[in-house]
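Visitor: I have a model open and want to go through its local geometry. Can you take me through it?

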Amino acid sequence: MRSDFAAVDAIVSHYFDRGAQPAISYGVVSGGVLVHSAGFGARGDGRPAPDADTVFRIASMSKSFTASAVLLLRDEGRLALDDPAEKYVPELAGWPSVTPDSDRVTIRHLLTMTAGFPTDDPWGDRQQGLPLDAFGALLAGGVRFNWAPGTRFEYSNLGYAILGRIVAAAAQAEYAGFVATRLLAPLGMARTGYDAAGFDPGELATGYRRGPAGWAELPFDPYGAFAPMGGVFSSVSDLARWVAGFAAAFPPGGGSDADGTHPLRRASRREMQQPQAVTGWRSPDRLPGGPPGSPAYYGFGLFVDEDPVLGRVVSHSGGYPGFGSNMRWHPATGLGVIALGNGTYAPMSVLAGLVLEALLPRPASYHVALSPADPDSPSAPSATPVPPAGAPWPETLAAASEVSRLLANWDDAAADALFSENVALDAPYQERRRALELIRQRIGDFRADDTRAPESDTPAHRRWWLTGPRGTVQAQILLNPERPPRVQSLALAVPPASDSVLATVLTDVVTWLNTGAAQWPGGMRVAPGTDEGLLRRRLLMAAAWAGTCRTGAYRAGDGAASVSVELAGEHATVVLSLLVNPGTGEIRQADVAL
């Protein structure tokens, strides 16, 4: 391990300066202990910077705690991974088979996210405090499936909420109490739990969402039925123990836990870190000339990535209203990184990856291995769509039509009938109406673009384009797994105003790409901490691949600091994504994808 913590502190400081969260707390684990930690920003309004003991909500990192509880019960003979879930959750017994020949949903399906449920971010986040009896009623009413169980991975919070119910039934104990007694207490994780009220307010980081007026404080959701998927609060110091426990499981037969008190067998901890289900492909849309991509996998409550340069890296992210988090470690060296932020869906996985790469020694030779990546990172969806894989539900098509009508003539009552409750919480209707106004101002009165066919990545997803006299923007929705399903996510690309800093930078970048000049123009500034050489090489590779290009449809962006836009070239169409400082025009990030 490289021991220059000043260098990685600088990496985190530069990342913090990008402003995606009011505070960051991070730490480095080596040899089974926390060897370095630091905090930046403020844990709350007018409060000091966070330290290693400051408690954050860690969201989906909680899934590793639930998976550990399941394996603990498996090791004690109180359940089997191939048991049908309905054995422990009788509300599932009435569910019809997805197809006449499909399996019933098993515990293993839920652990590996292959139960067939549709992705339920961000709806699932807002179910955190759902009462147990209300969750039982939801399950008894049935849910929608995208796939037959055991046939395909799709990230699901619902599945881990059901696992919490299974833990309670098999243990004959309340879920959070079982985790606290059987996992947290033996590891000495005193600053970890499921209830914000259980922590000293001075040690608890406040969660924030960035709105038009700046950072707005968010209340903590109460403990409820979805806590097993994202309800844990913890600190860098406690998570260092958690990470160290997984790292200590390697190599088999060649080591032991630092203190010998870990409640879960080393073999079971290794099992959690083995590829169990293929999630997709790592960097499937990379441009020619880079290292090859590799398949991505999910284990039990953890992602497992065989990085082409670093080897195996195990991780999990968390994204939630008010918070973002990531933990990752390198089993071969036992080195780990934890990064916690207090902004909505703060992209901590990117930061933790940068820190881990900076600390790990580079191997002497290049190698390629099979493995997975982290779907929670970055916080924004990929600019390029996954190849279509399933016909949309009839409800998805109907919802897309309803949303198109809503976009043409917004009505809050109609929106309430169409959307699940989280939509107005994630971005108030007033902000959504303002985004629509900006789109109309910038592309003119729009209609559905009948020259481009709508697309669906999954049965619960729909993407289409809105076109006006001055441009085209992308719209997309995602339905939740309820019966009947409702729209849980609406995303609209807001193009930059023609006289904005963002539009100027976009024009300058495209002009430079079309000149074929290798030298970076002195007039285009890059933010401190951004690798200008890497950025330039990436953009030049895209220019060589696409040829002379012009801007096309806008895929994503807020219209002020971020934009993703198609560049239609002589030979290919690529997608350029820019993140800039709207005050200074400095480029903070630039990515190109096919």
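Visitor: Start with Thr396: buried or exposed?

Guide: Thr396 is buried, with a relative accessible area of 0%. Buried means under 20% relative accessible area, exposed means over 50%, and partly exposed is in between, using a 1.4 Å probe and protein chains only. This is a predicted model, in which local features need pLDDT of at least 70, side-chain atom pairs count only at pLDDT 80 or more, and totals for chains, interfaces and linings use all residues. Residues are numbered from 1 along each chain as its sequence is written, and side-chain values use heavy atoms, with hydrogens and water left out.

Visitor: Where is Thr396, and what does Thr396 touch?

Guide: Thr396 sits in helix α11, residues 394-408. Helices here are DSSP runs of H or I with at least four residues, strands are runs of E with at least two, and both are numbered from the N terminus. Not counting residues up to four places away in sequence, Thr396 touches Pro459, Ala460, His461, Arg462, Ile477 and Leu479. Contact means heavy atoms within 4.5 Å. For Arg462, 66 residues apart from Thr396 along the chain, the C-alpha separation is 6.8 Å.

Visitor: What is the confidence like, on average?

Guide: The average pLDDT is 90, and 91% of the residues score at least 70. pLDDT is the predictor's confidence in each residue, from 0 to 100.

Visitor: Where is the pLDDT below 50?

Guide: Over residues 364-389. That stretch still has 76 contacts in the model beyond near neighbours in sequence.

Visitor: Helix packing next. At what angle do α1 and α10 cross?

Guide: At roughly 160 degrees, with the axes of α1 (residues 5-17) and α10 (residues 348-359) coming within 10 Å. Axes are lines fitted to C-alpha atoms, for helices over the stretch in contact, and angles run from 0 to 180 degrees between N-to-C directions. The two helices are therefore roughly antiparallel to each other. On the scale used, under 35 degrees is roughly parallel, over 145 roughly antiparallel, 65 to 115 roughly perpendicular, and the rest oblique.

Visitor: Which residues make the contact?

Guide: From α1, Phe5, Val8, Ile11, Val12 and Tyr15; from α10, Met348, Val350, Leu351, Leu354, Val355, Ala358 and Leu359. By class, there are 12 nonpolar, no polar and no charged residues. Ala, Val, Leu, Ile, Met, Phe, Trp, Tyr, Cys and Pro count as nonpolar, Asp, Glu, Lys and Arg as charged, and the others, Gly among them, as polar.

Visitor: And Asp9, what does Asp9 touch?

Guide: Asp9 is in helix α1. Leaving out residues up to four places away in sequence, Asp9 touches Tyr26, His36, Ala38 and Phe40.

Visitor: What about α2 and α5, how do those cross?

Guide: The axes of α2 (residues 63-75) and α5 (residues 157-171) come within 10 Å and cross at roughly 35 degrees. Lys63, Thr66, Ala67, Ala69, Val70 and Leu73 of α2 meet Asn157, Tyr160, Leu163, Gly164, Val167, Ala170 and Ala171 of α5. That contact divides into 9 nonpolar, 3 polar and 1 charged.

Visitor: Which peptide bonds are cis?

Guide: One of them joins Phe250 and Pro251, with omega about -5 degrees. Pro251 lies in the loop between α8 (236-247) and α9 (266-272). Another is the bond from Arg483 to Pro484, with omega near -10 degrees. Pro484 is in the loop between β15 (471-479) and β16 (487-492).

Visitor: Last one, Gly193. Where is Gly193?

Guide: In the loop between α6 (175-184) and β4 (207-211). Gly193 counts as buried at 11% relative accessibility. Aside from neighbours within four places in sequence, Gly193 is in contact with Phe199, Gly231, Val232 and Phe233.
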